[in-house]
Amino acid sequence: MNRFRASFPVVNRELLNWFPGHMGKGIKQMQQKLKQVDCVIEVHDARIPLSGRNSEFRYTISGVKPHVLVLNKKDTIERRSQRAILDRLRGEDSEARHVLFTNCKDQSCDGIRKVMPLAQDLILGSNRFNRSDQKEYCIMIIGVPNVGKSSLINVLRNRHLNRKGASQVGAVAGITRSVLHKIKICEDPLVYLLDTPGILKPNIADTETGLRLALVSCLQDHLVGEELIADYLLYLLNKRNNFRYVEMMGLQEPTDSIAEVLVSGAQHLNRTLKVRNFDGSIVVRPDVTLAARHMIKSFRTGAFGKILIDSDKIE
C-alpha cells in the first residue's frame, strides 16, 4: 500500500516571489487612473479563488469603486463547486457581493453575458463624484497574471462591437506590461475598458499559495522550476486519489516520488538528453524537464479532470 505525503515541504521563498519592475509601476499607474474609473472588474482563476486573489487590491485599487469579481476558466472546475466558492468568498470578503463565473473561450457563456449589464447597474447605482458629468463609462480590469483579463476584454469587445484584437493575449504570465489606453467596448452606452498588467503581491505568504499560483501559470514556470511544479501537482493528485498520471507517465502504480514519475515519463515519451561528463564522455539520460512540462501541460489542458485546487480552503 502506497503512503503519500500528508503535507508539501517548504521551499525557498525566493522561488515563489516574482514582482518585476513593471508590476510596481503598474500599481502606481492604476492608482493614478482611478479618478477616471467608474467600476473595477477583478478577474481571477476559478481553480484558486482564494489562493489566487491579490488581497492588496482591496486597499489599493478596488475598495473605493463599484466592484465585480469575475472567476474565469469556470470550465476547469465542477459546476457544483460554484455555490461553495460563493459562500466562502462572501463569508470573508464584504466586496465579494457581485461574483460571476466565466469561460472566455465560450462566446455564449452566461457569465460573459452578465458582465456588462452588472457593471452598468453598479455604476448607475453609485455616486460618481468627479465623473457625474461624464456620459461615458470607464471600467478597469485588474487581476494577477495570466487569469484571462485580456481575453475577457477581447470577448466583450467582440460581443458588443463585433471587433477582434482589442488586447494582446498570451499563455505566459506577464504579457500585459502597462496600463493601456482606453479600449472602446460598447457604443450605447459608451463604455471603455482599461487593461492592466497582472499584479502579484510583492511577498507570497506561503509555499502552497505560491505553488498553486505557479500551477495555473500565474507565475512563470522557468522561474519556479518545472520539476518543483510537477512535484506539487503529484502531491495534489495523490491527495485526491487521482491517479490518471500513472498511465500517462508510463508507471506501473501510483508513487510519491517525482523523480520516479519524471524518469518513467521521459522514457514513456522516448525523450532523452545527451550530457557531457567531466571526462568528456557523452551519456544519454532521460529528459526529466520535458517530462515535467508534459505533466504540467496535461493538467492545464484538463487531462486530469476538473480540479478545484482550493477545495481544502473552500471546504
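Predicted model: local features only at pLDDT ≥ 70, side-chain atom pairs only at ≥ 80, totals over all residues.

Colleague: Where does L34 lie, and what is L34 in contact with beyond its neighbours within four places in sequence?

Modeller: L34 lies in the loop between α2 (21–33) and β1. Leaving aside those neighbours, the contacts of L34 are T60, I61, V64 and K65. Contact means heavy atoms within 4.5 Å. L34 and C138 are 104 residues apart in sequence and 9.6 Å apart in space, C-alpha to C-alpha.

Colleague: How many helices and strands does the chain have?

Modeller: There are 13 helices and 8 strands. Helices (H or I, at least four residues) and strands (E, at least two) are DSSP runs, numbered from the N terminus.

Colleague: How do you know that β5 and β6 pair, and in which sense?

Modeller: Two strands pair if DSSP finds at least two bridges between them. β5 and β6 are joined by 3 bridges and run antiparallel. K184 has Y192 in β6 as its bridge partner. The two strands form a hairpin with 4 residues between them.

Colleague: Which way do β4 and β6 pair, and over how many bridges?

Modeller: β4 and β6 pair in the parallel sense over 4 bridges. Y137 stands opposite V191 in β6. Strand β1 (residues 39–45) and strand β2 (residues 67–72) also run parallel, with 6 bridges joining them. There, V43 stands opposite V70 in β2.

Colleague: What is the strand order in the open sheet, and why do β3 and β5 stand at the edges?

Modeller: The 6 strands follow the order β3-β2-β1-β4-β6-β5, with mixed pairing. β3 (99–101) and β5 (183–186) each have a single partner strand, so one side of each is left without a neighbour in the sheet. Neighbouring strands are turned by 30° against each other on average, direction ignored.

Colleague: Which helices pack against these strands?

Modeller: Helix α4 (residues 81–92) lies across β2 and β3, at about 155° to β3. Helix α6 (residues 149–161) packs on the sheet and touches β1, β4 (137–143), β5 and β6 (191–194). The direction of α6 makes about 50° with that of β5. Axes are lines fitted to C-alpha atoms, for helices over the stretch in contact, and angles run from 0 to 180 degrees between N-to-C directions.

Colleague: Why is α5 called roughly perpendicular to α6?

Modeller: Angles under 35 degrees count as roughly parallel, over 145 as roughly antiparallel, 65 to 115 as roughly perpendicular and the rest as oblique. Helix α5 (residues 110–124) and α6 pack at about 80°, with their axes 11 Å apart. That makes α5 roughly perpendicular to α6. The contact is made by I112, R113, V115 and M116 of α5 and L152, V155, L156, R159 and H160 of α6.

Colleague: And why are α9 and α12 oblique to each other?

Modeller: Helix α9 (residues 226–239) and helix α12 (residues 288–300) pack at about 50°, with their axes 9 Å apart. They are therefore oblique to each other. From α9, the contact residues include I229, L233 and L237; from α12, they include A292, I296 and F299. By class, this contact has 10 nonpolar, 1 polar and 3 charged residues.

Colleague: Which strands form the hairpin that holds G280?

Modeller: β7 and β8 form that hairpin, with 5 residues between the strands, and G280 takes a positive phi near 95°. Strand β7 (residues 272–276) and strand β8 (residues 282–286) run antiparallel and are joined by 5 bridges. L273 has R285 in β8 as its bridge partner.

Technical notes: Residues numbered from 1 in each chain as written. Heavy atoms only, no water. Nonpolar A, V, L, I, M, F, W, Y, C, P; charged D, E, K, R; others polar.
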